[in-house]
Amino acid sequence: ISLGDTYKFYRERIDKYNNELNAFLQVRTFSEERQGFPYAIKDNILAVGTRTTCASRILENYDSPYDATVTQKLNSKGGQLLGKTNMDEFAMGSSTENSAFGPSRNPWDLNRIPGGSSGGSAAAVAAGLAPFALGSDTGGSVRQPASMCGIVGFKPTYGLVSRYGLVAFASSLDQIGPMTRCSQDAADVMSMISGHDSRDSNTIRHALSFDTSLGGNLKGLKFAVPSEMLSYPGLDEEVKEKFLSITRDIERSGADVEVISVPSVEYAVATYYLIAPAEASSNLSRYDGIRFGPRQQSEDYEGLTSKSRDRGFGKEVKRRILLGTFTLSATYYDAYYRKALKTRRVMAGELSKVLDEYDFILNPSSPVVAPRIGEINDPLAYYLMDIYTIPANVAGLPSISVPAGFVNGMPVGVLITGKRFSDVSILDAAKGIE
Ligand code: GLN
């Protein structure tokens, strides 16, 4: 089959199934010239010829003015964009229920969420509407939806993939990563999108070659399971059982799995939900109806911006902006934001010490299988569920969610996190587990 046929194949599947999945917010028109390997990207990544809405009313009509570096890199290798995928508004959420354009649905059970915030990308890949997709991961948004949809989701070491053309959420945490059907595909996508970029000063001049055929040998590897993560009260009993059975499989493959204590991970969620909203409140100040976003009429500047922002932003985004501006305010800065930065440093130090002794940290990707749409409406309940994915972002570490079977018919994943620049070894270990 030709590449043109491949594009057509996926394009037709999108036409057939996207109505029920709501995985894509926009699809490119089909043309016979689209000869190339098809792919999808989350709607917070710029691609000329598409709008980039971030699933927000405030960017509903925003045309991408240029290509993100990742888009440009994929296209230069022969990629052909299929379309832009649904997400939680500005990547804030864990379910895609915060999309201004309605939630995506989990292909394994249409009454359930696909996870989030890159839920559209996960649903698209899991349902075979795209061979792979890109997502963004600030606190787990590539890995958690991957686990809930039964695919691979990889967050690279902070700085390995350029964020030029990714709409910023929390810049010290954001990373773009591949969502694929297997770890070898993730390595192949990484070989196309990673590398230093003069337009993202946080990218690293540290050549890692992903151009490799993964072996998947687990023999002799040492995995550490943080006891704090096993005793987390929100961890579903059956998900825990499944995870423990995977650790036994891993041991049977000749690796060593040990439960150890990593006390600071108990503070991961609190730390993240101070730092991420603080950075977001600053990054989102540009959506004021003047620089970005539809302008509402008013007598004065104050009225104009507040009306425009009130109309344009959804509930969760407003909540985060309020949290962030509060913790950054002069009165509370020391009590909250500065303390979170300190905790961040302690946690990064502790994790790096563990990773001097062990090859990887191992834990479930999510404490539960995908909930039903609308089942959880307390935002804090969703925040607490991020405990397993957040440490990697806080410390800038590479981390992957690998499909690990099913609980009550829904996919679950295990999460492998490694030291900085151990990306290729992580993908290799993932291959051994999947
Ligand atoms: N669920 C987390 C949040 O809502 C992570 C989001 C992300 O990684 N973009 O902030």
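Which helix does Val239 lie in? Val239 sits in helix 7, which covers residues 237-252. Bear in mind that this is a predicted model.

**Val239 and its surroundings**

- Val239 counts as buried, because it has 22 C-beta neighbours inside 10 Å and 20 or more is enough for that label.
- Setting aside neighbours within four places in sequence, Val239 is in contact with Pro364, Pro367, Val368, Val369, Val407 and Val412.
- Phe101 is another story: the C-alpha atoms of Val239 and Phe101 are separated by 31 Å, and the two residues are 138 apart along the chain.

**The sheet**

- Strands of a sheet pair through backbone hydrogen bonds, and they can do this in a parallel or an antiparallel way.
- Here, 11 strands make up an open sheet with mixed pairing, and their order is 1-3-2-4-6-5-10-11-9-7-8.
- At the edges you'll find strand 1 (24-27) and strand 8, each of which pairs on one side only.
- From one strand to the next, the twist averages 30 degrees.
- Helix 14 (residues 423-433) packs on this sheet and touches strand 5, strand 9, strand 10 and strand 11 (410-418). The direction of helix 14 makes about 145 degrees with that of strand 11.
- Strand 5 (residues 152-155) and strand 10 (residues 399-407) run antiparallel and are joined by three bridges. In that pairing, Gly153 has Ser401 of strand 10 as its bridge partner.

**Strand 7 and its two partners**

- Strand 7 (residues 222-226) is largely enclosed by the rest of the structure, because four of its five residues are buried.
- With strand 8 (residues 256-260), strand 7 runs parallel, and five bridges hold the pairing. Pro226 stands opposite Ile260 of strand 8.
- With strand 9 (residues 360-364), strand 7 also runs parallel, through two bridges. Phe223 is the residue that stands opposite Phe360 in strand 9.

**Helix 8 against helix 10**

- Two packed helices are described by the angle between their axes and the distance between the axes.
- For helix 8 (residues 268-283) and helix 10 (residues 315-328), the angle is about 100 degrees and the axes are 7 Å apart. So helix 8 is roughly perpendicular to helix 10, since angles from 65 to 115 degrees get that description.
- By class, the contact of helix 8 with helix 10 has seven nonpolar, four polar and one charged residues.
- On the helix 8 side, the residues involved are Leu274, Pro277, Ala278, Ala280 and Ser281. They meet Arg320, Ile321, Leu323, Gly324, Thr325, Thr327 and Leu328 in helix 10.

**Around the ligand**

- There are 14 residues around the ligand, and Ala91, Ser94, Thr138, Gly139 and Ser141 come nearest.
- Sorted by class, the shell has four nonpolar, eight polar and two charged residues.

**The loop from strand 3 to helix 3**

- The loop between strand 3 (79-85) and helix 3 (119-126) holds Ser117, and the peptide bond from Gly116 to Ser117 is cis, with omega near 10 degrees.
- Phe90 belongs to the loop between strand 3 and helix 3. Its phi is near 55 degrees, a positive value in a residue other than glycine.
- Phe90 is buried, with 28 other C-beta atoms within 10 Å.
- Ala91 is also placed in the loop between strand 3 and helix 3. Ala91 isn't a glycine, yet its phi is positive, at about 70 degrees.
- Ala91 counts as buried because it has 30 C-beta neighbours inside 10 Å. Ala91 is also among the residues that come nearest the ligand.

**Helix 3 itself**

- Helix 3 is mostly covered, with eight of its eight residues buried.
- Those buried residues are Gly119, Gly120, Ser121, Ala122, Ala123, Ala124, Val125 and Ala126.
- After helix 3 comes Gly128, which has a positive phi near 70 degrees.

Note on methods:
Residues numbered from 1 in each chain as written. Predicted model: local features only at pLDDT ≥ 70, side-chain atom pairs only at ≥ 80, totals over all residues. Axes fitted to C-alpha atoms, helices over the stretch in contact; angles between N-to-C directions. Parallel < 35°, antiparallel > 145°, perpendicular 65-115°, else oblique. Contact = placed C-beta atoms within 7 Å. Nonpolar A, V, L, I, M, F, W, Y, C, P; charged D, E, K, R; others polar. Buried ≥ 20, exposed ≤ 12 C-beta atoms within 10 Å, placed from the backbone. Pairing = 2+ DSSP bridges. Near = placed C-beta within 6 Å.
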